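Here's a quick briefing to read with the structure open beside you.

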Amino acid sequence: MDYAYYPGCSLESTGIEFHMSTKAVAKALGINLVEIPDWNCCGASSAHARGHWLSLALPARNMAIAEAAGLDVAIPCAACYSRSKQVEVEVNKSEETKAKIEEIIGRPYTGKSKARNLTDIFYRDLGPAAIAEKAKKSLKGLKVLTYYGCLMSRPPELACDDIEDPISLDEIMTALGAEVIPWGFKTECCGGSLTACRPQVGMDMTKRIMDAAKKSGADCIVTACPMCHSNLDMRQVQLSKAYGAYNVPVYFVTELIGIALGMSPKDLGINRHFIPAEATLTKIGKTSEGGEA
Amino acid sequence: MTLNEKQKQNEELNREFLRRSGVNVSKCYQCGKCSAGCPVGDHMDIPTNKVMRLAQMGLIEDAMKSHAIWLCASCTTCTTRCPKGVDVAKVMETLRIMAKEHGYVAEKNVDKFHSVWMGIIGTMGRMYEPGLIVGRNFSTGKLFQDTSFGIPYIAKQKLKLVPYKSGNMNEIKSLIAKAEAMDREERGNK
Amino acid sequence: MERVGVFICHCGSNIGAVVDCAKVAENVRNYPGVAYSTDYKYMCSEPGQEMIQNAIKEHNLNRVVVASCSPRMHEKTFRACVEKVGLNPYMFEMANIREHCSWVHAGKNEEATEKATDLVKMAVSKVCKNEELQKGHAPVTKRALVVGGGIAGIQCALDIANNGYQVDILERTPSIGGKMSQIDKTFPTIDCSACILTPKMVEASSHPNINLITYSELEHVDGYVGNFEVTIRKKARSVDIKKCTGCGTCMTKCPGKADDEFNMNLRKRTAIYTPFPQAIPNKPVIDRVNCLKFKSRENGKDVCGICSKFCPTGAIDYEQVDELVTEKYGAIVMATGYEQFDHSIYGEYGYGKYPDVISGLHFERLVNASGPTQGHIVRPSDHKEPKTVVMVKCVGSRDPEHGKSYCSRTCCMYTAKQATMIRDHCPDTKVYVFYMDVRTPGKLYDEFYNRTREEYGVEYVRGRVSKIYQDGEQLMVKGEDTLLGKQVEIAADMVILANAMIPQTDSEKMAQIVGIGYDKDGWFTESHPKLGPVETHTAGVFLAGACQGPKDIPDSVAQAGAAAVKVCALLSKDQLETEPTVSKVDTKICSGCGLCVPVCPYKAITLETIQERRAGKTIERLVANVNSSLCQGCGACTVTCRSGAANLKHFTNAQILAEVDALCQTIL
Amino acid sequence: MSNNSVENFEPKILVFACNWCTYAGADLAGTSRLQYPPNVRVLRVPCSCRVNPQFVIRAFQRGIDGVLVAGCHPGDCHYTTGNYYTRRRFLLITRMMEYMGIDPKRFHTRWISGAEGPKFQQVVTEMIEEVKAIGPNDKLRDDMKVEVKAVETNE
Amino acid sequence: MSDIQSEMRATAKQLLESGEATVVIGWEKGTMPYNSTPVMIRSAADVDKLIWDEYCQQNLSTYLIDFIYTEDKVAIFAKGCDTRAYNRLIQDKRISADKCIVIGVPCSGMKSAKAAAKLPEGAEVPMSKACKECRYPNPVVFDRKIGQDVTPWCTEKDFSDVEAIEAMDQDAKAAFWKEQYTKCIRCYACRNICPACNCTNCIFDQSASGWQSKDINASENQFYGVTRAFHVAGRCIECGQCEMVCPSDVPIMLMNKKFIKDIDTLFGAYEAGLETEGPVPLSHYEVSDPEEFM
């Protein structure tokens with residue numbers, strides 16, 4: 001399975017563990033990721049606040065480079081996925097948009113090359129069962145909350161999963177042996193860039209989610225969005241200072257898949273989390289009573 | 001001022017708003033489902049359904065002055081659940097873009113964030129978080145505020161201190177210039 | 001030889017002040033076919049009509065044109081007038097020189113006169129091609145079929161029966177009673193639903209003129225007004241209804257279990273069952289899907305048979321099969337009712353997965369004394385009494401994006417009713433109602449709603465709920481109080497959704513079987529939204545109750561009575577007159593391609609084989625045939641027919657072409 | 001006799017009106033005394049689906065200046081489905097007429113209900129004005145008839 | 001081609017000898033090199049008359065109507081277009097499938113006999129226009145088949161000629177069609193050859209009906225042209241026979257294709273003659289059809 005790979009800016013910095021684990025896991029699962037040469041920022045967070053065409057043109061360039069190589073694009077970051085998918089959809093909807101976009105970016109892009117969310121590739125193209133087959137150990141004993149955030153499930157025309165009750169992470173985690181704890185915040189917004197520019201607003205939004213997470217009794221949260229990860233992991237430090245410790249580690253889906261595939265936490269970047277996440281992994285293999293499973 | 005006078009004053013803006021958003025706001029029947037599900041609802045000065053109401057009444061100036069349009073996180077929960085198929089998030093986005101252009105920025109920080117972000121992309125092609133943190137604090141006058149998370153990121157080896165710079169900056173600069181020109185053209189500023 | 005008499009009416013000054021009537025009469029005097037032409041002040045008056053009749057006799061006229069008002073006004077009058085002196089009423093045409101001329105061209109006398117002349121010439125040209133037509137007669141079967149045994153069907157059948165006509169009620173479930181039998185109390189009086197329904201059910205079952213056909217489906221409808229032939233599928237009950245005494249022993253012994261649909265699956269029932277204790281007929285049926293015996297037969301075994309062993313009268317018959325019967329009826333009333341919208345399409349309300357998020361009809365069973373909880377209001381999940389209940393209105397209604405665009409009309413009232421019932425049963429329970437509007441346009445309805453708030457203390461919050469999620473044992477309901485402009489979150493123990501009313505899932509198929517129209521949502525279409533609310537476009541088929549659109553009990557009952565009157569008026573006739581202006585196929589021309597068949601809205605066209613002599617041999621070929629009793633004369637087939645074999649009497653191709661040509665000749 | 005010169009040109013327009021809606025709408029225009037130019041002639045048919053496109057072509061052949069086919073709104077047909085067929089047929093025929101060179105202003109199909117007297121007035125008024133502006137129809141027309149007319153005018 | 005031809009003859013021979021068929025309809029060589037005309041063979045001795053060359057354009061299916069009242073069992077050679085015509089006739093209930101044996105023949109496109117007649121002998125003859133635009137060169141229905149399926153050279157309908165007319169101004173359109181139909185002599189050859197024009201009694205043969213005068217002029221001829229196009233709208237199988245037989249070179253397919261184009265855009269793509277069941281565009285409607293008449 002060959003895909004063009006678009007890591008996006010976050011995966012080079014705040015979400016570097018997503019980058020590391022994605023590359024490691026993809027290789028082990030037989031997915032060949034070819035990084036788009038000289039890719040540019042998709043404009044997520046800001047371009048759409050500035051102009052419609054600007055928000056389409058930035059991701060269009062990346063898509064066009066991938067299309068020239070004849071590949072669909074695998075995108076781990078939910079925000080980058082959403083922006084890129086938007087161009088694909090708009091270009092396919094209208095010839096006029098296509099012509100304008102091509103004029104702006106100075107490259108052909110026909111909308112043939114598709115933007116694909118990495119989790120969705122795991123879920124649909126590989127399938128949870130196939131991933132589980134390759135697993136070296138079960139995640140049994142780990143109670144996880146799946147957290148999709150906004151951009152995997154909304155808006156409906158860009159969503160890669162169910163809009164109100166997405167299931168791809170749930171099914172992958174279940175297949176790998178983890179116990180998925182139901183909760184009502186799967187698709188609740190973490191605050192996105194507001195945590196940076198309006199910290200108080202962002203904090204409140206993150207807090208609601210973390211309160212519910214703590215109450216649920218789960219061991220950890222699993223997500224597939226670097227922005228959500230940053231807000232839930234890094235912000236948790238500040239939240240804890242203000243409201244008392246939460247201690248809920250937040251994993252990228254690829255990190256937990258990597259663990260199941262037998263990789264070391266360090267190779268997956270798990271040591272780089274703000275909320276220590278290595279200790280929780282020791283619960284794997286233990287039953288809730290504390291004995292060995 | 002009477003309502004009809006006020007609407008008359010807003011006529012030009014309203015036409016621009018309707019054209020650029022492409023949303024039929026008259027479909028809204030004020031059920032409030034957008035406000036109900038809004039994750040930022042608590043913090044907005046006016047709830048989403050009232051932003052919709054202002055838009056529906058053609059009172060665009062009042063809508064542009066609101067904080068709500070800047071606090072919107074673009075999560076699109078409102079659009080997804082709207083029983084009348086109104087793209088509420090698109091209304092918020094259009095108002096935000098228009099507010100910036102017409103000089104009504106109720107949330108300077110949010111706006112600065114976007115400006116700095118776009119500035120970095122415009123010079124490097126990719127995001128450079130240290131630049132964002134410093135640049136934003138610098139331009140908002142709170143230089144060290146967010147180093148509260150900038151420094152820990154560095155400690156976790158998460159921030160690259162040497163930025164990537166695209167080898168093709170001319171292409172990206174021309175792309176941005178062209179896109180912005182097209183956006184300007186659409187709003188009718190020659 | 002055509003001898004047309006032309007009579008131009010002044011209608012006092014209505015026409016005369018604008019159109020020069022004498023000049024029009026003069027203008028057409030020498031027009032081909034015209035034998036006599038005159039004008040008069042009031043043609044519709046007695047002297048005016050006498051004038052026409054005398055002229056017919058004196059001038060030996062065989063066709064008449066009157067130029068006056070709209071034919072929608074006086075066509076009948078003048079047809080009767082010419083018929084009195086022996087002319088066929090269809091040898092008459094009208095030119096509308098009032099509504100279409102003098103009244104709309106005031107002050108333009110010259111042009112109006114020219115136009116009136118044109119219109120008369122068109123009418124003369126048409127009437128020259130008119131043919132004598134005879135009204136048809138069809139007999140009437142003096143028996144009605146009511147499809148659906150809910151309150152509308154029962155009431156309609158009773159009204160027809162009490163007028164002395166035979167009526168059958170066709171019901172698909174094992175018992176009559178319908179949705180009303182599931183409901184606990186009725187608004188706005190809070191009287192017990194069963195207490196007012198069951199006497200009607202008993203009356204219907206014991207009425208000498210009423211015959212119940214339960215556990216049966218409508219299979220096929222043939223025929224036309226006064227003469228329907230209806231094929232009914234009597235589903236295998238597995239119980240011989242003649243032998244069964246309804247003692248109920250079988251039900252107490254049956255080991256098979258199934259979801260109890262009558263109780264909204266809130267409990268289990270046996271496989272041999274009556275849907276509810278007051279069922280009529282009170283004779284059980286075996287649900288073969290869940291019966292252990294029938295299930296074992298699928299695996300090649302044959303076990304159980306307990307009901308048969310215990311039945312004191314030997315009424316159990318496992319070998320029964322579906323039976324098709326064909327009955328004749330003069331009229332059909334559709335009273336097939338509604339279904340409840342399924343809220344499981346709403347992800348934000350949990351896709352129907354939260355046990356304590358229930359629908360209005362669920363609640364009716366919960367609060368009903370003979371229901372699964374003996375009338376105790378408890379949560380389905382843990383059977384605890386809820387301390388906080390949230391009710392959400394317009395679920396599926398007024399939601400064109402995800403549900404239905406219409407207002408379901410009944411939900412505002414049943415929600416208010418259920419809210420007061422919760423407060424009555426559980427005084428400590430808080431009740432919140434999320435609403436967009438409160439619509440209570442019925443007698444004593446708004447008063448009831450106000451009492452709900454003022455006396456029962458139910459809190460109404462204006463706003464649609466955005467999300468419901470399970471939070472531990474409770475349900476978090478996220479809404480907006482749009483009047484306050486603030487988000488509100490309520491931790492509830494139970495949520496009741498006021499689900500929309502939707503048509504029966506197979507309503508479109510039903511409509512197609514009977515040959516009536518239905519709208520985009522599947523509700524049956526009435527013949528006129530104001531003036532024909534219980535009629536359909538198919539003569540002899542009427543509507544009662546919610547199958548026509550969301551309706552509450554009083555409206556359903558009223559409409560049932562109205563439909564019954566229409567049925568009785570029809571059945572009171574010995575013969576029906578049929579319009580002769582129907583389509584006819586010239587079999588000499590017809591190729592039998594059958595393209596006209598699907599076009600006919602009345603299923604009046606069929607292909608049939610005819611025999612012909614051709615080159616000394618008898619051959620068989622297909623041709624279209626129009627049943628003149630079914631045809632209503634729209635003419636759709638005539639345009640579909642390329643060869644012109646199908647033609648509409650009184651509006652033939654030749655007649656319309658003659659009018660077109662008459663008008664265009666004046667252009668020269 | 002109508003004059004052929006464009007300034008004084010008074011077009012003749014044929015309206016095929018269904019009995020249940022448009023004819024009633026035209027009646028309502030009358031009872032409401034809504035005034036419109038006297039250039040239209042209404043031909044009553046039971047349903048718009050009775051109007052064979054061949055009637056329309058025939059009228060143009062014989063020299064009509066404009067044709068309007070009008071019936072109940074879709075969904076309101078007295079015969080339930082008739083106007084749906086009208087819609088299909090005339091969507092095609094409208095395009096074909098234009099393809100043949102007939103000015104699209106000369107041929108229209110419209111839904112006018114029994115309650116829409118004002119709409120009837122408006123539709124025919126606009127149509128008359130438009131057709132007046134483009135002059136008499138000479139397309140699809142029977143040349144023989146045109147010649148006869150010329151001779152008559154010369155006399 | 002000669003392989004197919006010998007296979008044709010063998011098949012015909014076998015069918016006639018075995019009695020499976022009493023008559024075989026195929027093509028024989030006509031008087032000119034560019035004429036291949038229909039032939040009906042009743043005897044196995046005559047099968048060598050059958051030919052298969054690049055001029056076998058004529059659609060044979062219409063001839064099946066001639067046998068509806070005879071006792072014959074008819075075998076017919078059928079190209080893609082012949083099979084679509086065959087389906088058309090079945091759907092119109094003009095022929096009965098049990099009386100017919102369809103022998104499918106994949107076709108690589110036929111040459112234009114009209115062009116050939118005008119060219120000097122030996123010159124390269126172009127493919128006929130209908131064949132150039134053909135999307136179904138292989139039989140869509142058959143009882144047996146000879147030869148190998150060919151790859152269709154067109155996948156989409158080509159409306160460029162229709163669009164060219166549409167782009168003209170109204171006067172130019174009218175002038176164009178007037179010129180075309182002035183040439184028409186109303187010989188009705190187009191109707192007679194057309195597999196969709198299969199009425200037992202055509203309205204143009206019913207002089208008493210008043211539909212049309214006997215005058216032959218541009219106006220009456222255009223009435224004929226539009227009416228015929230309307231009658232075959234949604235039923236035309238694009239075999240192009242009407243144009244092929246027109247002695248006056250009226251571009252009749254331009255009328256038919258206009259309806260095909262509009263049906264596709266207005267009511268969804270439709271292919272006549274692929275099925276024998278299901279709704280025909282003009283005997284059917286959708287509530288959701290485009291609304292332009294408000």
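Chains A and D don't touch at all: no contact joins them, and their closest C-alpha atoms lie 24 Å apart. A contact here means two residues whose C-beta atoms, placed from the backbone, lie within 7 Å. Keep in mind that this is a predicted model, where local features need pLDDT of at least 70, side-chain atom pairs count only at pLDDT 80 or more, and totals for chains, interfaces and linings use all residues. Residues are numbered from 1 along each chain as its sequence is written, while chains are lettered from A and ligands numbered from 1 in the order in which they are written.

**Chain-to-chain contacts**

- Chains B and E have no contact either, with 19 Å between their closest C-alpha atoms.
- Six pairs of chains do touch, and the pair with the most contacts is A and B.
- Where chains E and D meet, chain E brings 32 residues and chain D brings 27 residues.
- On the chain E side of that contact, α5 (160-166), α6 (170-183), α8 (218-232) and α10 (252-267) each supply at least two residues. Helices (H or I, at least four residues) and strands (E, at least two) are DSSP runs, numbered from the N terminus.
- The top contributor there is α8(E), with seven residues.
- What is that side made of, by class? The side of chain E that touches chain D has 19 nonpolar, five polar and eight charged residues. Nonpolar covers Ala, Val, Leu, Ile, Met, Phe, Trp, Tyr, Cys and Pro, charged covers Asp, Glu, Lys and Arg, and the others, Gly among them, count as polar.

**Inside chain E: two domains**

- Chain E splits into domain 1 (2-145) and domain 2 (160-283), with bounds that come from an automatic or database domain assignment.
- The centres of the two domains of chain E, taken over C-alpha atoms, are 24 Å apart.
- Contacts link 21 residues of domain 1 of chain E with 17 residues of domain 2 of chain E.
- On the domain 1 side, α2 (80-91) and α4 (129-132) of chain E each give at least two residues, and α2(E) has the largest share, eight residues.
- That domain 1 side divides into seven nonpolar, eight polar and six charged residues.

**Inside chain E: the sheet**

- Five strands of chain E form an open sheet with mixed pairing, in the order β2-β1-β3-β4-β5. Strands count as paired if DSSP finds at least two bridges between them.
- β2 (36-41) and β5 (144-145) of chain E are at the edges with a single partner strand each, so one side of each has no neighbour in the sheet.
- β1 (residues 23-29) and β2 of chain E pair antiparallel over six bridges, and E:Ile25 has E:Met40 as its bridge partner in β2(E).

**Inside chain C: a buried strand**

- Six of the six residues of β27 (residues 494-499) of chain C are buried, so the strand is largely enclosed by the rest of the structure. Buried means 20 or more other C-beta atoms within 10 Å of a residue's own, exposed means 12 or fewer, and partly exposed is in between, with C-beta atoms placed from the backbone.
- C:Met494, C:Ile496 and C:Ala498 point one way from β27(C), and C:Val495, C:Leu497 and C:Asn499 point the other way.
- β20 (residues 357-359) of chain C runs parallel to β27(C) over three bridges, with C:Ser359 opposite C:Leu497.
- β21 (residues 388-395) of chain C is also parallel to β27(C), joined by five bridges, and C:Val389 stands opposite C:Met494.
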